[in-house]
Amino acid sequence: MALRPTWAAALVLCNSRYPQAATDGLEWLNTEEPISVYKDLCGKIVILDFFTYCCINCIHLLPDLRALEHTYSDKDGLLIISVHSAKFPNEKVLDNIKSAVLRYNITHPVVNDADAGLWQELEVSCWPTLVILGPRGNMLFSLIGEGHKDKLFLYTSIALKYYKDRGQIRDDKIGIKLYKDSLPPSPLLFPGKVTVDQVTNRLIIADTGHHRILVVWKNGQIQYSIGGPNPGRKDGIFSESTFNSPQGVAIMNNTIYVADTENHLIRKIDLEAEKVSTVAGIGIQGTDKEGGAKGEKQPISSPWDVVFGTSGSEVQRNNILWIAMAGTHQIWALLLDSGKLPKKNELTKGTCLSFAGSGNEENRNNAYPHKAAFAQPSGLSLASEDPWSCLFVADSESSTVRTISLKDGAVKHLVGGERDPMNLFAFGDIDGVGINAKLQHPLGVTWDKKRNLLYVADSYNHKIKVVDPKTKNCTTLAGTGDTHNVTSSSFTESTFNEPGGLCIGENGQLLYVADTNNHQIKVMDLETKMVSVLPIFRSENVVVDGPFLVEKQKTLPKLPKSAPNIRLSPVTVCAGQTLQFKLRLDLPSGSKLTEGVPSCWFLTAEGNEWLLQGQIPSGDIENISNQPTISLQIPNDCLALEAIISVSVFLYYCSADSSACMMKAVLFSQALQITDTQQGCIAPVELRYVF
């Protein structure tokens, strides 16, 4: 994310001292305690890595720093500190930086320079910048941008030797406490993207943090787990194959294409042969901004999303894989069969080349695709039908959504940003039309062919927005902007945390969202306007390599004899339909839930336990003013036409002065009549009771 026109290295020799005042009171990660400038840094060669976690160039620098850490340690006198100086307001929040530290596996100390004090003191001007300090805090030199690994190693080795020969290097260790070691395991870890197999309704999930691809049935049961839990780069059978922070996924005819982002590869998963192969990239970051070689010989850089498309022929063949090449700020194409791109000659199968974007990091629209410019494009969706006939692009660093014509390649603005192509700071959270709408680092888009609408993962605003491409009107569809995880709610009450991808399923009824920092796939029902969480679970015969949340199942308490049994009116449902129960419980006046004692709910189906397979059978009630919504998806294979589902609720509450505390319970019994006939939308069932 250069703010200067070149990435040339700068060697700056000076005698400035490390600024004590700029580090006072800052928040630290991966350390046992805040680092003291004079106590901890004295006698060390210190590398300050100024970064912001949205920046692809900063991400590209991390492997160089890891290699340096493996060569020299704090015992050798080297200490690397990442200084997070945010571009976006969302990136100043410590919890969001924690998530980034986990996503990118940063294991050295990180300091949150939220107010850019260090940035300004050391006169840093762009991301990334490396500042190297001597053992007395004296600045030795700086390196601006990425791609300076050789200089970094050379300068570091010379500095360590020079000061060690003079007895100025100390070998004491820095207290490291990795944030990742305090986290419990989870079924998903920072899922980046999700897509639907429209033939089988299976979901393909890029489980980015676990470095794997999951193929799951629509009830969340895993069919295949491919790769993980550790990063790697290996083709072959499923049990041997590995990925490195995969992002975009696309499926067609039992074949999945994967943007294997940190391997700089496009991978192909054959579900019938159960094998993984590489179809583009050479496994190291490329700098080529034109391309044209066969895929497996063509270097590429940080592919972030993929989507199928059709060449200029009249027959819809899906013979192109469009690629959001975040690392070079371009849109590329991989020819899956021979074909022709707009303003291009006939191309042979396997060719991988740039299609749109000059490679400059800008927000520039142009009738000629190679004269246009993008800023870290991270999401793609295709609207092949007229009058649209375009690619939609989530251009994250310009905070815009753009379009690329499939007829002539023209790049146009849709929403967000501003008219100055050099201004990448025109972000915000404003509903509006065209340029008056403001987004903050959007990472995903998906086209709703049924409604002619575009859904946008407005990632740093923690919202899902919807755009009418005809009017360019952009409005908030779901998400309050709060990152606190609400697992089940209405659109207006729902929350997300940096959602990275989304897709349409169930013939336009459902919108699946990769809620990245909440480590979940959220399911938005576009008809009932309700949001729920897709449970991810294993079947007995699937091999899952990555860690899973192993929770001790809650034991259903015995209902008190005094607990009322409220029988609800029967509801008619069909297979595959989701039924939702909304708790509406009232405590006696002046009462409050007992702190430290979890009030809870349970689902049971005596004699019809098949109803609960793959469901979330219990949950906590944390706040009486924000009670959960319980979701039950009727299985596709129904073993009976009638059943009763029971919802048991246990509340622990005290009087206002805490002089008396008690546990009360209530049982709701819901009769179900299951039919083969497709039902319309079912209103949520309200479970009301006053204690």
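Leaving aside neighbours within four places in sequence, which residues is isoleucine 81 in contact with? The legends below take up this and other views of a predicted model, in which local features need pLDDT of at least 70, side-chain atom pairs count only at pLDDT 80 or more, and totals for chains, interfaces and linings use all residues. Residues are numbered from 1 along each chain as its sequence is written, and side-chain values use heavy atoms, with hydrogens and water left out.

**View 1. Surroundings of isoleucine 81.** Contact here means heavy atoms within 4.5 Å. Beyond its neighbours within four places in sequence, isoleucine 81 is in contact with Trp28, Ile35, Leu41, Val46, Ile47, Leu48, Asp49, His108, Pro109 and Val111.

**View 2. The largest nonpolar core.** A nonpolar core is a set of buried Ala, Val, Leu, Ile, Met, Phe, Trp, Tyr and Cys residues joined through side-chain atoms within 4.5 Å. Buried means under 20% relative accessible area, with a 1.4 Å probe and protein chains only. The largest such core has 58 residues, and Ile45, Leu48, Phe50 and Ile81 touch the most other members. Helix α2 (residues 56–71) gives the most to this core, with 7 residues; helices are DSSP runs of H or I with at least four residues, strands are runs of E with at least two, and both are numbered from the N terminus. Domain 1 (27–181) and domain 2 (184–534) both give residues to the core, so it lies between them. Domain bounds come from an automatic or database domain assignment.

View 3. In soluble globular proteins, nonpolar side chains tend to be buried together.

**View 4. Arginine 402 in its strand.** Arginine 402 sits in strand β25 (residues 400–405). This arginine counts as buried because its relative accessibility is 0%. A polar atom of the arginine 402 side chain lies 2.8 Å from the backbone oxygen of alanine 373.

View 5. The chain has 5 helices and 46 strands. Its C-alpha trace spans about 80 × 70 × 50 Å along the principal axes. Buried residues make up 59% of the 691 residues. The domain assignment gives domain 1 (27–181), domain 2 (184–534) and domain 3 (565–690). Between the C-alpha centres of domain 1 and domain 3 the distance is 50 Å.

Notes:
Buried means under 20% relative accessible area, exposed over 50%, partly exposed in between (1.4 Å probe, protein chains only). A polar contact is a pair of N or O atoms within 3.5 Å; within protein, one must be able to donate a hydrogen and the other to accept it, and residues adjacent in sequence count only if both atoms are side-chain atoms.
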